[in-house]
Amino acid sequence: MRTLTIADNWKDWKFGDTDAVMTFTALDDDKVPDFSDRTLTFKIASTLNNDLEHPKDFAATATGYIQDKNVILKTEDVKQLTPGNYIVELWAMSNDTQKDAVYPSKGFAQFTIEENSMKVSDVTNIPSMTINAFWNAVMQKVGTLTKGAKGDPGQTPKIVMGSVTKLSPDAQPSATLVPLQSDPNTYTLNLQLPQGVQGEQGLQGIPGVGSKGLDGNNGLTPTIDPKTKHWMIGGTDTGVIAEGQAGKDADPSKYVTIVSFNQLRQQVQDNATALDALQNSTATSDLQDQVKKLSSQVANLTAKIEALEQAESNTPKPDEPATSASSASTSDTPASSAAQ
């Protein structure tokens with residue numbers, strides 16, 4: 001939601017005061033929007049019997065200026081407004097899309113122009129006392145005036161073309177002249193122009209009439225020269241051979257004949273059958289039993305050899321006295337064991 005509030009310090013000012021600034025705070029969902037790429041315009045309307053919710057007449061437009069994240073309205077830009085209560089909106093137009101964001105979304109901001117001491121606001125209905133007081137004040141001022149120094153030449157305003165918006169055919173054309181924020185002496189001219197009403201469809205044109213063209217010449221039929229075997233177009237030899245060259249004979253050593261392939265396949269089948277028969281034969285089973293028995297015998301012999309080697313390592317040599325441990329070990333070992 002968009003909101004627009006005006007600071008209380010210059011919410012009220014007197015008619016004729018062109019040296020005041022009204023400060024507005026615009027928020028978009030409670031956040032300060034970025035107006036750097038937008039054209040800001042205040043649109044102001046007067047109210048009927050101080051009813052701020054019901055505007056009476058559209059009164060004026062004025063340029064908005066960015067200052068410290070706020071938007072200001074200069075009273076000199078609305079000096080044509082007479083004393084009374086006014087409501088105001090801020091229109092922010094995107095310079096890229098030409099779309100407007102209007103602040104606030106609900107209601108209006110408002111300010112008041114008070115009457116000054118001269119009470120001059122309507123030249124068509126001025127009391128005689130006010131006229132006399134005004135005349136006396138003017139004459140008094142004229143008496144104190146002296147010719148001042150010649151002022152500097154004013155700057156010629158620059159006008160640059162802005163956007164051109166196409167409207168519906170029944171819309172009214174309009175134009176806006178907006179000063180740039182960076183250079184108040186340069187104005188952007190934006191046009192809003194209605195498009196023209198579509199015209200009636202024109203009459204269908206007469207079909208075109210053309211004459212038949214001449215028949216073309218027959219083309220040349222290509223032929224093959226019987227000697228050179230080249231393509232011939234008319235009497236011109238193209239040099240392109242029309243017949244393919246004979247290929248080389250194949251090397252039979254690099255290929256397997258069907259007969260030799262069948263022989264090899266038969267050998268493989270025979271060998272596979274013989275191998276299956278050998279694996280399933282009883283002779284193979286007997287051979288496996290024999291291998292198991294031999295393996296058992298080898299294991300027994302290996303154990304006996306290890307025992308004999310252990311006994312010999314514990315027997316003392318002839319030139320060494322026997323220890324008690326070795327004697328006991330020798331006495332417990334049967335003599336027949338060493339013989340084995």
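**Exercise 1. The salt bridge**

This structure holds 1 salt bridge, meaning a side-chain nitrogen of Lys or Arg within 4 Å of a carboxyl oxygen of Asp or Glu. Which residue forms a salt bridge with Asp-28, and how far apart are the closest N and O atoms?

Before you start, note that this is a predicted model, where local features need pLDDT of at least 70, side-chain atom pairs count only at pLDDT 80 or more, and totals for chains, interfaces and linings use all residues. Residues are numbered from 1 along each chain as its sequence is written, and side-chain values use heavy atoms, with hydrogens and water left out.

*Solution.* 
- Step 1: The partner of Asp-28 is Arg-2, and their closest N and O atoms are 3.6 Å apart.
- Step 2: Asp-28 lies in strand β3 and Arg-2 in strand β1, so the pair ties together parts that are 26 residues apart in sequence. Strands (E, at least two residues) and helices (H or I, at least four residues) are DSSP runs, numbered from the N terminus.
- Step 3: Asp-28 is partly exposed at 26% relative accessibility, and Arg-2 is partly exposed at 28%. Here buried means under 20% relative accessible area, exposed over 50%, and partly exposed in between (1.4 Å probe, protein chains only).

**Exercise 2. The sheet with β1 in it**

In what order do the 4 strands of the open sheet with β1 run, and which are the edge strands?

*Solution.* 
- Step 1: The order is β1-β3-β7-β6, with antiparallel pairing. Two strands pair if DSSP finds at least two bridges between them.
- Step 2: β1 (2–6) and β6 (65–67) are the edge strands, each pairing on one side only.
- Step 3: From one strand to the next, the twist averages 35 degrees. Axes are lines fitted to C-alpha atoms, for helices over the stretch in contact, and angles run from 0 to 180 degrees between N-to-C directions.
- Step 4: For a close look at one pair, take β6 and β7 (residues 70–74), which are joined by 3 bridges in the antiparallel sense. Tyr-65 has Ile-72 in β7 as its bridge partner.

**Exercise 3. The nonpolar core**

How many residues does the largest nonpolar core have, and which of them have the most contacts inside it?

*Solution.* 
- Step 1: The core has 26 residues. A nonpolar core is a set of buried Ala, Val, Leu, Ile, Met, Phe, Trp, Tyr and Cys residues joined through side-chain atoms within 4.5 Å.
- Step 2: Phe-24, Leu-90 and Phe-111 have the most contacts inside this core.
- Step 3: The elements giving two or more residues include β4 (38–48), β5 (51–63), β8 (84–94) and β10 (109–114). β8 gives the most, with 4 residues.

**Exercise 4. Backbone geometry in the loops**

*Solution.* 
- Step 1: Recall the background: most residues other than glycine have a negative phi, and most peptide bonds are trans.
- Step 2: The bond from Tyr-103 to Pro-104 is cis, with omega near 0 degrees. Pro-104 is in the loop between β9 and β10.
- Step 3: Gln-98 has a positive phi near 60 degrees. Gln-98 sits in the loop between β8 and β9 and is partly exposed, with a relative accessible area of 25%.
- Step 4: Lys-229 also has a positive phi near 60 degrees. Lys-229 lies in the loop between β14 (222–224) and β15 (230–233) and is partly exposed at 31% relative accessibility.
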